[in-house]
Amino acid sequence: MAFVLQMLEMGKRKSWFHSLNPNAKLIWWLFMIVVPILVTNPFFLLAVTVAIWLMSIGAGIGKQMYKFLIVTYPIMVGFIVILWPFFYAATPDQHFLFNWSVFHYSLEGFIYALAMGMRIVLALTACTFFVMTTDLMDLASSLGEFLQNKLKISYMYPLMIISSFKFLPELGGDYQTIVESFKSRAMDLDKGSFAQRLKKYIPIAIPLIDSMLRRATQIAIALELKAFNSANKSRTFYRHHPFRWRDVVFMLLGVLTIVLSILIKQLGWGAVEMYL
Amino acid sequence: MPIIEVENVSFKYSEAKEQALKGVSLTVEPGEFVGIIGPTGAGKSTLCWVLSGVIPQIIQGKLSGKVLVKGLPSNKTPVATISQVIGLVQQDAAAQLLMTDIEKEIVFPLENLGLPREEIDKRLNYILDLVNLRSERLRHPFYLSGGQKQRVAVAAALAMEPEILILDEATSELDPIGAEEVHDLAYSLRKQGKTVLMVEHNIDELAQVADRVIVMDQGSILMDAPIRKVLAQVDKLCELGIYPPQVTQTAHALQKLGVPVGEVPITLEEAIDLLKRISQDA
Amino acid sequence: MPEPIIQVDHLYYKYDTRDTYAVEDVNLTIEKGEFVAIIGQNGSGKTTMVKHFNGLHKPTKGRVIVEGKDTKDLLTSDLARSVGYVFQNPDHQIFAETVLDEVSFGPKNLGFSEEHIKEVVNKVLEEMALSGKEEDMPFQLSRGQRQRLAVASVLAMEPSILIIDEPTTGQDWRESIALMELVNELNRKGHTCIVTTHNMNLVSLYARRVIVMRQAKIALDGPTQDVFREVDELRKAAIKPPDVYALTEAIYPGIKLDKPILPDDLAELIIRNQKVGR
C-alpha cells in the first residue's frame, strides 16, 4: 500500500511535464500505446523508448523510473525473450542454436522475440512515464469534469476511483492488523502447502470484508451529507486545468510519432522481418 | 427563536425491537454550547442523525414527532440542505473523509452544491486557516494524525457554512492531544457565534465549556440543565455509568462525610479553593 | 518469589519506511503477576514496543526475552502460547459464525485436545461473562461484548501474559470498567497483565505500575501514585494525570502516597486531618 501512496506522490512533483494538462497527457499516452501495435521494427521502437527516457530525465523522475523499470523490464520481457523463440516457426534457412524437432532456438527467433519484447518495453515505458508525471487524482477529476459537463455522464465513477485511492492505504493497514491478530492466535500464514495456506486466508477475508462493508454504509451517508447527487447534471470543478500551448505541443509529439510510424510502415521498414 | 426544536420525538430502527428514542423534547437557542452525555445505547447518535435528517431519509425506521432545524422540518428537507444548517462530525474520522487530500475534501461539498469557483476558493482559504491545516493542504489523510483527520472532518462540515455544529463523540478514538485539538476548535467556533452540540463520554471536557448538559439514557432525556446542576448529581451520574469529574467527586465525598460544601466545584481551581478552605477550617 | 517474565535489553526498533527509531534504547523488566499500564501519546512508541512481546516486531538492536526465550528466533504463532495479544478493535479479528468457533480458534491452532478445548472454552466464557452465548453470532453482540469475546479468544490459549491494546476505545465508562474488572480478576489469578491506554482514571484504578513513553524512550517507570506526581515530566509527555493528584498536591504538598489515590481517599484524608486538628 505504500506503493499506492508513492505513486500518488510522484504525480505531484513540479516539472514542465508535470504541469501539462492531464487530458493532454492521456491522449499522448494513447498514441504511445498504438505505436507498438503499428510497428515491430525494434530500432524504431527503441528510438521512441529512448526519447521517453530523455523526457523522464527532463521531468526529474529518471531515477524513480529506473528503479521501477529495472525490475519490471526483466519480469515482463524476460520470459518473452526466453520462450518466444521456441514457438517461432523453424525454417531450414535459419541459424540454429539447437534444433531437436519441437525444441528449437534460432538466431532469427531470438531477434523476433527481442522485437516483440521491444513492443512491451515501449508500452511499459510510456505507461510508467505517464503515471509518474500525472497527478492521477487530477486526471480522474479532469476526466470527470469532461464526462459530467460535456457528456452528462455522472461523476460517480471518477469519484469512486478517487475514493479508492483514499481508502486503499487504510484497507492495507486494516489488512496488516488483521493478519497480526491471526498470527497472535497461533495461525501461521507461512507454514503448510500452498492449498493449506490459501485456506488460511479465508478467515482473514471476513473481518476485512466486514470493515469494507461498514465503511461502505458510512461513505454512503457521508456522500449524502456532502450534497453529492449522482443525478446532478452539472457541478463545479474547483481544480481547473486550462489547455495551453504546451499541451498542444505535447500532443503533437504524440501525433508526430504516430505519423512517423505510419510512414515507415508504408515504406516497408515497419516490421522486424526486414532484418531476418 | 430557537434554532433547534425537537418535540416529542420517538424513533425505532427497522430491525430493532425497542425504540431508540422515546418521546424526546428539547430546544436549543442560537449560540448555545450544549453537551450531551449518556451511556452506550442512550440514543445520542440516533438523536444526532435525526437532527441532520439522516434519519429518516437515509436510515429507515419509524419516526414520530416534530423536528425543526432553523424552521426546516428535518424529515422532509433534503439532507443536502440541512447540511448547510447543521454540520455533523462523527466518531470515525477515516470514514468521513473521502478524498485523497485535504483541499479536495473541503471543496467537495461545495463542488456538489455547484458554487462558483471564486466562492469555493474564498471558503477554502478561510477554513484552512480556521482549522490550522494550511500546511497540510495537499496531504493524503493517511499521513495525518487522528486529531488532524478530525479537524479535516470538521473543516469539510464547516465548508457548507452551517450555523450549528454537532460533534458526535468526535474525540473518543483520539489520544488526549488530538482530542484537545478538536475541543479547542469547537470552543473557538462557539466564540464566533456558532451553536455547538457536543456528544461526549468525557464529562471533564464539558465541564470546561458547556453551558448546559443533556443527560440521556435508554432513549429518554433524564436531565437537561445548566452544567453545574448536572455535575452536582454525582450519585445519579455514577448510576448511569458516567464518571463525574474527580474534583466534583471529592467534594461530594466530603459532603457525604458530613462536611458542608456549598456549591459543588467543577474545575480544578474551584476545588483547590474549596478544599484549602475546608482543611484550614479545622 | 517474583521472577522476570519479560525482559527488554537496550531495545531499538526502526520501521523500514522511516529514518528515526520508533523505540530507542528501552530497558525494562516485567515480573510475573504484575499489572502494568503503558501510557503515552500516539506515536510515542508504546504500541511498537509492546508488539515485541509477542514477536510481531523483532528488535532492530537489542533483545527481548519472554519467559526465558529470546523472541528473535520465535514466530508470533509460537509465542501465542505464552503471550496473548488483544487488539484495539475486536472487529479486526472476529471472523467466526459462532462465539464457540471464535473462541476455539486459537486453541485449535495450538493443537489442544478436544476435551481440553471444551474445558478451556467454558472457563474463559465464564471469566468474560459470556457463558450461554456459545451459539450466538459474534457480529450481533454489542461492542462491549465483542471486546470481551476478543479477550476470551485470546485467553483460551492459556497465555500467562495478557497484553491489551487500548481496551476502552469506543466504549463508555461502565463498559470500560466491566472489562477492566475482568482483567483485574485475571491478574488476581496470576496472569501478568499489560494494558496500553489513554484513560488515566482507569490507570489509577487498576494499574499498580505505570510506564510512560515519550518520543521512543521510556520517560517514567514506577508505581502509579509516584508516576502521577511527576507533573513536569508528564506534561512533556502530554499526559494529564487524574485531577485528584493535583488536588492532593495542592492541599498536602509533598505527601507520601503508598498507593494510587481516589477522590474518596482524599476526602477521608481531609476528614482525618481535620479531626486531628491539623
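In chain B, strand β9 (residues 212–217) and strand β10 (residues 220–226) pair in the antiparallel sense over six bridges. Helices and strands are taken here as DSSP runs, numbered from the N terminus, with at least four residues of H or I for a helix and at least two of E for a strand, and two strands pair if DSSP finds at least two bridges between them. B:Arg212 stands opposite B:Pro226 in β10(B), and in the hairpin of β9(B) and β10(B), where two residues lie between the strands, B:Gln218 has a positive phi near 50°.

This is a predicted model, in which local features need pLDDT of at least 70 and side-chain atom pairs count only at pLDDT 80 or more, while totals for chains, interfaces and linings use all residues. Residues are numbered from 1 along each chain as its sequence is written, and chains are lettered from A and ligands numbered from 1 in the order in which they are written. The predictor gives the complex an ipTM of 0.90 and a pTM of 0.88. Chain C has an average pLDDT (the predictor's confidence in each residue, from 0 to 100) of 92, and 98% of the residues score at least 70.

Chain B also holds an open sheet of four strands with antiparallel pairing, in the order β2-β1-β4-β5. Its edge strands, each pairing on one side only, are β2 (21–28) and β5 (72–73) of chain B. Within this sheet, eight bridges join the antiparallel strands β1 (residues 4–13) and β4 (residues 61–69) of chain B, and B:Tyr13 has B:Gly61 in β4(B) as its bridge partner.

Two helix pairs can be set side by side. Their axes are lines fitted to C-alpha atoms over the stretch in contact, with angles that run from 0 to 180 degrees between N-to-C directions.

| Helix pair | Axes come within | Crossing angle |
|---|---|---|
| α12(B) and α13(B) | 9 Å | roughly 25° |
| α3(A) and α5(A) | 9 Å | roughly 20° |

Because angles under 35 degrees count as roughly parallel, α12(B) and α13(B) are roughly parallel to each other, and α3(A) and α5(A) are therefore roughly parallel to each other as well. α12(B) passes α13(B) in a left-handed crossing, a term used if the near helix is turned anticlockwise from the far one by less than a right angle. Residues count as in contact if their C-beta atoms, placed from the backbone, lie within 7 Å. B:Val247, B:Thr250, B:Ala251 and B:Leu254 in α12(B) meet B:Leu268, B:Ala271, B:Leu274 and B:Ile278 in α13(B). These residues divide into seven nonpolar, one polar and no charged, where Ala, Val, Leu, Ile, Met, Phe, Trp, Tyr, Cys and Pro count as nonpolar, Asp, Glu, Lys and Arg as charged, and the others, Gly among them, as polar.

Where chains B and C meet, the contact takes 30 residues from each of these chains. On the side of chain B that touches chain C, α8 (176–191), α12 (246–256) and α13 (268–280) of chain B each give two or more residues, and α13(B) gives the most, with seven residues.

Towards chain A, 30 residues of chain B are in contact with 27 residues of chain A. The largest share of this side of chain B, five residues, comes from α5(B), and the residues of this side divide into 20 nonpolar, seven polar and three charged.

Methods: Contact = placed C-beta atoms within 7 Å. Parallel < 35°, antiparallel > 145°, perpendicular 65-115°, else oblique.
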